[in-house]
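Below is a briefing on a single chain.

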Amino acid sequence: MSRNVKFIYFAWVRERIGVQEERLDLPDDVRTGAEVITWLKGLGENYALALDDAQAIRMAVNQEHIHPSDTIGTAREIALFPPMTGG
């Protein structure tokens, strides 16, 4: 089984993957933020390059920030972006 999830990419993550957003069928056995990254890396070279340094990627599920070990629950939207700075 799988679930259809909207993925949104920001900054250099978007540039390396090559799209701003897309809908993907995420397998039901992908349950944590870290598993999402691992699964995405398997989609192609551009994903592997963009997500090579998983520690540098931040993630939000349904517009709430999560840690890699957190579960994604019933994610409808997953956003991936580099760390942000500012003040």
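In which loop does Asn62 lie? Asn62 lies in the loop between β3 and β4 (64-66). The model is a predicted one, in which local features need pLDDT of at least 70 and side-chain atom pairs count only at pLDDT 80 or more, while totals for chains, interfaces and linings use all residues. Residues are numbered from 1 along each chain as its sequence is written, and side-chain values use heavy atoms, with hydrogens and water left out.

**Overall fold**

- The chain holds three helices and five strands; helices (H or I, at least four residues) and strands (E, at least two) are DSSP runs, numbered from the N terminus.
- Their order along the sequence is β-α-β-α-α-β-β-β.
- The radius of gyration is 12 Å, close to the 12 Å that the globule rule gives for 87 residues, so the chain is as compact as a globular protein of that length. This radius is taken over C-alpha atoms, and the globule rule is 2.2 Å times the number of residues to the power 0.38.
- The C-alpha trace spans about 40 × 30 × 20 Å along its principal axes.
- Of contacts (heavy atoms within 4.5 Å) between residues at least 6 apart in sequence, 51% join residues at least 24 apart.

**Surface and charge**

- Of the 87 residues, 39% are buried; buried means under 20% relative accessible area, exposed over 50%, and partly exposed in between (1.4 Å probe, protein chains only).
- The accessible surface comes to about 5,400 Å², and carbon and sulfur atoms account for 49% of that surface. Areas come from the Shrake-Rupley method with a 1.4 Å probe; for residues, only the protein chains shown count as cover.
- The chain has 9 positive and 13 negative charges, whose mean positions are 3 Å apart. Lys and Arg count as positive and Asp and Glu as negative, with His and the chain ends not counted; the place of a charge is NZ of Lys, CZ of Arg, CG of Asp or CD of Glu.

- Strand β5 (residues 77-81) is mostly covered, with five of its five residues buried.
- Glu77, Ala79 and Phe81 point one way from β5, whereas Ile78 and Leu80 point the other way.
- Strand β1 (residues 2-9) runs parallel to β5, joined by four bridges; two strands pair if DSSP finds at least two bridges between them. Within this pairing, Tyr9 has Leu80 as its bridge partner in β5.
- Strand β3 (residues 58-61) runs antiparallel to β5, also over four bridges, and Ala60 stands opposite Ala79.
- Ala79 is buried, with a relative accessible area of 9%. Not counting residues up to four places away in sequence, Ala79 touches Ile8, Phe10, Arg58, Met59 and Ala60.
- The C-alpha atoms of Ala79 and Gln63 are 7.6 Å apart, although 16 residues separate them along the chain.

**Strand β2**

- In a regular strand the side chains alternate between the two faces of the sheet.
- β2 pairs with β1 in the antiparallel sense over seven bridges, with Asn4 opposite Asp25.

**Backbone angles**

- Most residues other than glycine have a negative phi.
- Ala11, in helix α1 (residues 11-17), has a positive phi of about 55°. Ala11 is partly exposed, at 34% relative accessible area.
- Asn62 also has a positive phi, near 50°, and is partly exposed at 26%.
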